[in-house]
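Hi,

Here is the structure I said I'd pass along. Have a look, and my notes follow below.

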Amino acid sequence: MSFETKIVCIGAGYVGGPTMTVIADKCPDVKVTVVDINQSRIDAWNSENLPIFEPGLDDVVKRARGRNLFFSTDIPAAIKEADIIFVSVNTPTKTFGHGAGKASDLQYWEKTARNILEIADEGKIIVEKSTLPVRTAAAMERILNSNDKGLHFEVLSNPEFLAEGTAINDLFEPDRVLIGSHQTESGLAACQKLVDVYAHWVPRDRILTTNLWSSELTKLTANAFLAQRISSINSISALCERTGADVDEVAYVMGKDRRIGSKFLKASIGFGGSCFKKDILNLVYLCGYYGLPEVAAYWESVVKINEWQTHRVVDRMLETMFNTIAGKKIAVFGFAFKANTGDTRESPANLVVRDLLAEHALPVVTDPKAIPDAKRDLKDVIEQVSFEEDPYKAAEDAHAVVVCTEWKCFAELDWKRIYSSMAKPAFVFDGRNILDADALRKIGFEVTSIGKGK
Ligand code: NAD
Ligand code: UGA
C-alpha cells in the first residue's frame, strides 16, 4: 500500500513508542515507522512482550502494527523516506563538564540531527518531541541547514504531555496538543502539516500553535508547575504532622476552590519519574544562564523539598521504631515511581531503600511490575536487598511495611493476614496515604501516614 504521508520517529522509548502507536492507530492513511539504535527494544516492540508496561497499549499496537505501524533499526532507510521526522530520544541531565547536574545532555539529540543531515537527500520537517531547553531548535536548525546539499529543514516543537500509566488515554484525549513553529511562510506551512496529522482525532480547538520558543518553554514550565504543587503540599504535610491538621483534608478543601483545583495535591513521599527533576533542573540552569539567579533559586527549592520529603520517610521510621531499625526486616511495598507502570526512573523508593541500608535495616522489595528494573537500579547494593514477587512473603517477619508506590493492589491486600505474619509491634508507613489507617489500627498495626498527626 502506498501512503501519502510518511512519519518516522527516532527513539522507541516511553514517549516515541506510545505516541507513534496512537498516531498510526488514528491515521491509517499515514505510514509510521519507529526506529531506535537499541535492537532489543525494537525486537520487543515487534513481539508479544512490549518493552514497556502501559495499560491499553498492547491492544492499540496489535491493531496498527504491520498495517501502517512499523518498528525497525534501519534508521537510514526510515530517514530517507520520511516527510516528517519526530525526534524522541532521551535528554538526560548532563553528568559531566559545564552545567553538570543541571543542564540537559543534548548529545543524543545532536547525533540524531547530524544523522538526518548525512542521510537526507531532500528537505524535511523535523519535530522536537523530546523535552528540550528553550532555544534548542535554533541550534538544531543551524546544524541541519548548514549543509552544502542546498536542503532546507523546518524545525517544529511538539512537546509531549502524556503521563506514564495513563499514556494511552492522555494520547487519545489530550487536554491540548502544542505545536511551536517559526512564524514564517515555511514555518507555518510545516506547522499546518502537523496540525493536519493531529486533527485526525484531536478537536481543532485543542491543537494550540505558538512560536517555537514559547512551545519549548511551555513544556519545561508545565512540568515545573506540576511538580511545584506536589512540593507545596508535601511541605504542608510536615506542618500537618506537627499541628494535628490532616493534609488530605487540607488538600481536599483547598482543591474545591476552582482557582486552585484538586489535581496534583496528593501528599506523598515525593515525586519521581524521569522528567520532573530533570526538567526543573534544566529550568534552573537556563535561569542561571540568562542571569536570573532569584528565579533559579525559586525553582530549585521544588527539587530540594522533594528530596527532603523522601528522606523524612526513614527519619520518621526511626522516631517511631525506638530509634533503631538496624537488623530489622522492612518490607518495601512498591518500587515503580508511580502506580500502573514498571518504570523506576528517579523513583523515591530507590532513595528510601538506600536510607534503610544506611541504617543497616534489611529491605525486601515487592512490586507488581517493577522488580526487574528495581534489580537494575539497586545493582550496586544488590547483596543487601531482597526481592519478593509476593507481598505477603515480603511482609513475613518484617518489623514494618513502607508503602512507596500507590498501587491499588496494596490497598486490597488481606492486612489481617499480613499482621499475623509480622514481628510485633507491627508498623506501617503509608507513604502514599492509600491504606485505611483506622482499619489497620483496629487490626493492631501502628500506622504512620503522610501529613497526619498520630
Ligand atoms: P527513553 O529513554 O525511554 O527512550 C529514548 C530512546 O531513544 C531509547 O530507546 C534510545 O535507545 C533511543 N535513542 C537514543 N539515541 C538515539 C539515536 N541516536 N538514534 C536512535 N535512537 C536513539 O526516553 P523517554 O522516556 O521516551 O523520553 C524521551 C523524551 O521525551 C525525553 O526528552 C523526555 O524528557 C520526554 N518526555 C518523556 C515523558 C515520559 O513520560 N517518559 C513524557 C513527556 C516527555
Ligand atoms: C509527568 C507529567 O504529569 C506529564 O504531563 C509529563 O508529560 C511527564 O511528566 C513528562 O514530561 O515526563 P509522569 O512523570 O509520567 O508525568 O507522572 P505523574 O503522574 O506526573 O507523576 C509524577 C510523580 O509525582 C509520581 O511519582 C507520582 O506518584 C507523584 N505525584 C503525582 C504525587 O506525589 N502527588 C500527586 O498529586 C501527583
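A crossing is called left-handed if the near helix is turned anticlockwise from the far one by less than a right angle, and right-handed if clockwise. This is a predicted model, so local features need pLDDT of at least 70, side-chain atom pairs count only at pLDDT 80 or more, and totals for chains, interfaces and linings use all residues. Residues are numbered from 1 along each chain as its sequence is written, and side-chain values use heavy atoms, with hydrogens and water left out.

On to the helices (DSSP runs of H or I, at least four residues, numbered from the N terminus). α12 (residues 293-320) and α13 (residues 348-358) make a right-handed crossing. Their axes, lines fitted to C-alpha atoms over the stretch in contact, come within 9 Å and cross at roughly 40°, with angles running from 0 to 180 degrees between N-to-C directions. That makes the pair oblique, the class left after under 35 degrees (roughly parallel), over 145 (roughly antiparallel) and 65 to 115 (roughly perpendicular). Contact (heavy atoms within 4.5 Å) involves V313 and M317 of α12 and L351 and L356 of α13, among others.

α9 (residues 212-243) also meets α12, with axes within 9 Å at roughly 45°, but this crossing is left-handed. Among the residues in contact are F225 and A238 of α9 and W299 and R316 of α12.

Last, UniProt (an unreviewed entry) lists C275 as "active site"; positions there use the numbering used here, feature names are shortened, and annotations may be inferred rather than shown by experiment. C275 is in the loop between α10 (247-255) and α11 (276-289).

Cheers

Key. Chains are lettered from A and ligands numbered from 1 in the order in which they are written. Helices (H or I, at least four residues) and strands (E, at least two) are DSSP runs, numbered from the N terminus.
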